[in-house]
Amino acid sequence: QVQLVESGGGLVQAGDSLRLSCAASGLTLNNYYKAWFRQTPGKEREIVATLKWRDEWADYDSTVKGRFTISGDNAKNTVYLQMSSLKPEDTAVYYCAARSGSVGEWQHWGQGTQVTVSS
């Protein structure tokens, strides 16, 4: 059974940093595209960062580029999202996801972790 479990969320102040973790079981993350999404109430889930199969390439939404870094640890089968210079508008539930192909549906999702940034 595939499981993605996020952790690391919390309440921080604007300008602070936070690192989210997504630990996988039942699959080898290195063989998947990985991504972090976020969602706020009343809005659609939006993708913030993507990491290619063997961590060869990363891409970011313009709202987080330069502040967030997605990375993987193959030994721990975990993907991270390092968030710096956090802003109140970064407040959301953050989800990790994985898919086997370069396009198409994200097949596996975590349960989400809340990040709240106070001004």
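Strands here are DSSP runs of E with at least two residues, numbered from the N terminus. With that in hand, D90 sits in the loop between strand 8 (78-83) and strand 9 (92-99). This is a predicted model, where local features need pLDDT of at least 70, side-chain atom pairs count only at pLDDT 80 or more, and totals for chains, interfaces and linings use all residues. Residues are numbered from 1 along each chain as its sequence is written, and side-chain values use heavy atoms, leaving out hydrogens and water.

**Around D90**
- D90 counts as buried because its relative accessibility is 1%, buried meaning under 20% relative accessible area with a 1.4 Å probe, protein chains only.
- Leaving aside residues up to four places away in sequence, D90 touches R38, R67, F68, S85, V115 and V117 (contact means heavy atoms within 4.5 Å).

**Nonpolar cores**
- The largest nonpolar core has 27 residues, and L20, W36, I70, L81, M83 and Y94 touch the most other members (such a core is a set of buried Ala, Val, Leu, Ile, Met, Phe, Trp, Tyr and Cys residues joined through side-chain atoms within 4.5 Å).
- A second, separate core of 6 residues includes Y33, A35, F37 and Y95.

**Sheet**
- Four strands form an open sheet in the order 1-3-8-7, with antiparallel pairing (strands pair if DSSP finds at least two bridges between them).
- Strand 7 and strand 8 are joined by 6 bridges, and G72 stands opposite V79 in strand 8.

Note on methods: Buried means under 20% relative accessible area, exposed over 50%, partly exposed in between (1.4 Å probe, protein chains only).
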